[in-house]
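Open the structure in your viewer and keep the sequence panel beside it. The tour goes from one selection to the next and says what is there at each stop.

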Amino acid sequence: MSQSGRGGVGEAPSFHEMWRELAPIGRDATTRGYRRYAWTAADTDCRAWFQAQAESRGLAYEVDRNGNQWAWLGAATYKDPTAGDAVVTGSHLDSVPDGGAFDGPLGVVSSFAALDELRGRGAEFTRPLAITNFGDEEGARFGLACVGSRLASGQLTPEAAHRLRDGDGITLPQAMEAAGYDPSAIGPDPERLARIGAFVELHVEQGRALDLSGDSVGIASAIWPHGRWRFDFHGEANHAGTTRLVDRRDPMLTYAETVLAARREAELAGAVATFGKISVEPNGVNAIPSLVRGWLDSRAADQSTLDTVVAAIQQAAREYADRHGVDLTVVRESFTPVVEFEHALRDEMNKILGGAIPVLGTGAGHDAGILSGTIPTAMLFVRNPTGVSHSPAEFAAEDDCVAGVLALADVLEGLACR
Ligand code: HGY
Ligand code: MN
Ligand code: MN
């Protein structure tokens, strides 16, 4: 809990105000879920909100070559801005389809609120501080997670990024241009990352470890390796009413068997595997499909388990495809290796917070994970009583959100106000 020992509803007043302002942006009136996809109008509105928060606090606002947003305090005034000692905090504002309110925005809102808290304490910053919004973390539109941080760290080449296409066939460059950004500028940003001594991302916990331990705040230890694979099952379109079962080459059948195989293989290995997205052509009630596309998301505690699970699922899919005269192609669309957060920063944070903060792993990917190969990164988790995420039901209690703001303020004070 915060060194100041303060907490409880009503603290961090700016948090509540920002939360209320951000809440309606990109929320679907029917599902109450969020649809803040990269380079859409909702994303533009979120970006405008971020810029307003930065400028209202007198922070130096900028957008980097990859469209990530930065709000700097003191970048130009402290000693040498290229000293590599900047402390950065933030997260993302985009969402999965019908995502929850907290995944991403909690980290960004808490960052601004933590700065307000530190200013309220009269903290003296001795290192540059920045608040960020990394673009397209969820990959909901173009299928690749963490595009903004992958581009910045050189893990995604501009050429590969330019090839990304959404479900309507719109390319990433077209989408960026339509949103007023120059896609030809994207690429690695080593100078910017070299300025950073520590990146701390606060995020709602996507699990129940803190609920079970009775803690408001936790610190991340590691992120499971995880990836996304697209399975294309090519069959033969035909009449649903007149085609004998024995004459069918039905890709939906193969897809269904593969989904069951994925669950079976994941259970056997203590991993997770999800087919959460599907597209069917021609998608007619009375027509056997010609093509079924299914996207597999699989994750495991270690690389070899993940490899084993995905290989077994692909093997089963090929056997089913052969049996039904279906052709199968599998494409890996996104992959993130295991992340072990840097121990020194993790332990320093725990010490700043009193030394008794639980340290927990996660199966969820984050920009802090992507950047961990380039700069020291760490994560703070805020209790989610149900553990539910990537759903409108995602929730964190007000008291816990405030505890997260105060913990983040303590960490930033400890790191940037020595
Ligand atoms: O998929 C993930 O784990 C993250 O929410 N992008
Ligand atoms: Mn997410
Ligand atoms: Mn997230």
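Predicted model: local features only at pLDDT ≥ 70, side-chain atom pairs only at ≥ 80, totals over all residues.

## Stop 1: a covered strand

Strand β2 covers residues 69-73, and five of its five residues are buried. A residue is called buried here because its relative accessible area is under 20%.

## Stop 2: the strands paired with β2

β1 and β2 pair in the antiparallel sense over four bridges. Which residue in β2 stands opposite alanine 60? It is tryptophan 72.

Now follow the chain from β1 to β2. This hairpin has five residues between the strands, and in it glycine 67 takes a positive phi near 90°.

Next, select strand β4, residues 129-133. β4 also runs antiparallel to β2, and the two pair over five bridges. Click on tryptophan 72 again: in β4, alanine 130 stands opposite this residue.

## Stop 3: the manganese ion, ligand 3

Select ligand 3, a manganese ion, and show the side chains that coordinate it. Its protein donors are His92 (NE2), Asp103 (OD) and His203 (NE2), at 2.1 to 2.2 Å from the ion. Along the sequence, these donor residues follow the spacing H-x10-D-x99-H. Aspartate 103 sits in the loop between β3 (86-91) and α3 (105-121), while histidine 203 is in strand β5 (residues 196-204), so this pair ties together parts that are 100 residues apart in sequence.

Are these two residues buried or exposed? Aspartate 103 has a relative accessibility of 5%, so it counts as buried. Histidine 203 has a relative accessible area of 1% and is buried as well.

## Stop 4: the manganese ion, ligand 2

Which residues coordinate ligand 2? They are Asp103 (OD), Glu138 (OE) and His390 (NE2), at 2.0 to 2.2 Å. The spacing of these donor residues in sequence is D-x34-E-x251-H. Glutamate 138 belongs to the loop between β4 and α4 (147-152), and histidine 390 to the loop between β15 (377-382) and α13 (398-416); this pair links distant parts of the chain, 252 residues apart.

Glutamate 138, at 6% relative accessibility, counts as buried. Histidine 390 has a relative accessible area of 39%, so it is partly exposed.

## Stop 5: ligand 1

Finally, select ligand 1 and the residues around it: Glu137, Glu138, Arg228, Arg299, Ala364, Gly365 and His390.

- From a nitrogen atom of ligand 1 to an N or O atom in the side chain of glutamate 137: 3.1 Å.
- From an oxygen atom of ligand 1 to a polar side-chain atom of arginine 299: 2.6 Å.
- From an oxygen atom of ligand 1 to an N or O atom in the side chain of histidine 390: 3.0 Å.

Then show the surface of the protein. On its own, ligand 1 has 220 Å² of accessible area, and the protein covers 95% of this.

Technical notes:
Residues numbered from 1 in each chain as written. Chains lettered and ligands numbered in written order. Heavy atoms only, no water. Buried < 20%, exposed > 50% of the residue type's maximum accessible area, 1.4 Å probe, protein only. Pairing = 2+ DSSP bridges. Donors = N, O, S within 2.8 Å, 3.2 Å for Na, K, Ca; no water. Near = heavy atom within 4 Å. Polar contact = N/O pair within 3.5 Å; in protein donor to acceptor, adjacent residues only side chain to side chain. Areas by Shrake-Rupley, 256 points an atom, 1.4 Å probe, with all protein chains shown as cover.
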